[in-house]
Amino acid sequence: MPIQIVLLPGDGIGPEIVAGAVRVLDRVAADSGFSLSYSEQLIGGIAIDQTGNPLPEATIAACRASDAILLGAVGGPKWDDPSAKTRPEVGLLGIRKALSLFANLRPIVPFDELLDASPLKREIIEGTDILFFRELTGDVYFGESGRSGSGAEETAYQQMVYSVSEVERVVRLAAAAARERRNHLTSVDKANVLEPSRLWRQVAQRVMTEEFPDVKYDVVLVDAMAMHLISRPRDFDVVVTANLFGDILTDEASMLPGSLGMLPSASLGADGPGLYEPIHGSAPDIAGKGIANPLATILAAAMLLRHSLGQTDAAVKVETAVRRVLADGLRTADIGGGADSLNTEQMVEAVLARLS
Ligand code: IPM
Ligand code: MG
């Protein structure tokens, strides 16, 4: 049976970058002796336009039956009306929940070749290698919400909720990953103010003491973490945190490598397919121009090969090809290509040419 991959190109630059990553996947699969079959499905704004639903049932069913999912991006100004019945982002949150993708892995590793593309000083970022585990199916993201009252007295609320088992499972995955790296886990919370954070801290502490006594463990408050991330990023190895804190901290951390355009992510559950995507959004300002940087999506495809297909050699080949492209001085506009910038297609060709 060929391996089944669901493609969710989504909106904006999503279709362009996913098409590029598929070419890379096909080439590396052929070179490594396996084959992939694809089913393209709707999600986000395009799904709203075509079906009225940002996450059609057919998409969920195809994803459930697949080995892995590659997603481009969702959203754009066309669907931004705050009074609209639904939003593209509902599709993204929905697929995370439907597949119980509770752990979102976001590696933050600046490429040496791009150190000067970062707004931060080289001496600070050089040698940074952080793996974020962002909890992805709990928190205010999925808490009960509502509004009441009117006029100046109208109020809105959204509950922040975490259960013991939700914290345990993501902390376990993060701690196990730390063991394979530099054996250091940092848990980030806001336990000085928030009750769910106090539960998080208790559970994390217990899991670490009972199950991972060999892993160096510390706890940092999220506001302090925002500071440490850009003043001493080298001090962190694996970082585990809640959904909302992880959303914010990983965007901040993306500035360490200089461009959001280089960062992949993997969303994993206990079993079933994983979902892989670039961290960046749908970039509506450049959509359709063929100039988007496909490297984050290509690196997401490498994570797919590693985490869902167990094809470590193929993953390394792809990552090495990306490194070679950068070492050869090739750049898209977002990573400082200037007048010599490659477009999306040229960048994909450049990666393909360095695969073997
Ligand atoms: C992300 C994005 C999403 C999130 C949005 C698009 C809903 O910012 O994946 O980080 O907040 O989770
Ligand atoms: Mg985000």
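In the predicted model, contacts in the protein chain with a separation of 6 or more are formed to 75% by residues 24 or more positions apart. The chain comprises 12 helices and 12 strands. Its radius of gyration is 20 Å, close to the 21 Å that the globule rule gives for 356 residues, and the protein chain is therefore as compact as a globular protein of that length. Taken along the principal axes, the box filled by the C-alpha atoms is roughly 55 × 50 × 45 Å.

Of the 356 residues, 52% count as buried. The accessible surface of the protein chain amounts to about 15100 Å², and carbon and sulfur atoms account for 52% of this area.

Most residues other than glycine have a negative phi. Ser-100, by contrast, has a positive phi near 50°. This serine is located in the loop that connects α4 (88-98) with β4 (103-108).

Asp-139 belongs to the loop between β5 (130-135) and β6 (145-148). The relative accessible area of Asp-139 is 3%, under the 20% cut-off, and the residue is therefore classed as buried.

Notes:
Residues numbered from 1 in each chain as written. Chains lettered and ligands numbered in written order. Predicted model: local features only at pLDDT ≥ 70, side-chain atom pairs only at ≥ 80, totals over all residues. Heavy atoms only, no water. Helix = DSSP H or I, 4+ residues; strand = E, 2+ residues; numbered from the N terminus. Buried < 20%, exposed > 50% of the residue type's maximum accessible area, 1.4 Å probe, protein only. Rg over C-alpha atoms; globule rule 2.2 N^0.38 Å. Contact = heavy atoms within 4.5 Å. Areas by Shrake-Rupley, 256 points an atom, 1.4 Å probe, with all protein chains shown as cover.
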